[in-house]
Amino acid sequence: VQLQASGGGLVQAGGSPRLSCAASGYIYTINTMNWYRRVAGKQRELVAAITSGGSTNYADSVKGRFTIGRDNAKNTMYLQMNSLKPEDTAVYYCNADIRSLDSTYYFYYWGQGTLVTVSS
């Protein structure tokens, strides 16, 4: 099982990039999917989460600006980021609770991270 994040890059303040995270491999089912970010010099923080049923949760710092979504048929998750601020500059990681075809257990898998740099 692998997670592949994409969509990062250099964005101007106020911009609206969209991150994607695709899960691949021998996947049986995916439970919760999450976006984390790590700002240089700080601990990694949970940005947004979405359950398999579509319930969402957001960090206070991004509420009203970011929207998390998923396409269960494609094993893909998205993060629509609006009204970006320089303090949103970070490496964004996707994370998902996945049960593979050869297991009866769920494990959390991580994507490789994608850098979002917001210029003022």
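C21 and C94 form a disulfide, with their sulfur atoms 2.2 Å apart, where a disulfide is taken as a pair of cysteine sulfur atoms within 2.5 Å. A search of the whole structure finds one such disulfide. The torsion about the S-S bond of C21 and C94 is about 70°, so the disulfide is right-handed. Since C21 lies in strand β3 (residues 18-24) and C94 in strand β9 (residues 90-100), the pair ties together parts that are 73 residues apart in sequence; strands here are DSSP runs (E, at least two residues), numbered from the N terminus.

This is a predicted model, in which local features need pLDDT of at least 70 and side-chain atom pairs count only at pLDDT 80 or more, whereas totals for chains, interfaces and linings use all residues. Residues are numbered from 1 along each chain as its sequence is written, and side-chain values use heavy atoms, with hydrogens and water left out.

The table lists relative accessibility, with buried meaning under 20% relative accessible area, exposed over 50%, and partly exposed in between (1.4 Å probe, protein chains only).

| Residue | Relative accessibility | Class |
|---|---|---|
| C21 | 0% | buried |
| C94 | 0% | buried |
| G9 | 27% | partly exposed |

G9 lies in strand β2, which covers residues 9-12. Leaving aside neighbours within four places in sequence, G9 is in contact (heavy atoms within 4.5 Å) with L115, V116 and T117. The C-alpha atoms of G9 and N82, which are 73 residues apart along the chain, are separated by 14 Å.

Note on methods. Helices (H or I, at least four residues) and strands (E, at least two) are DSSP runs, numbered from the N terminus.
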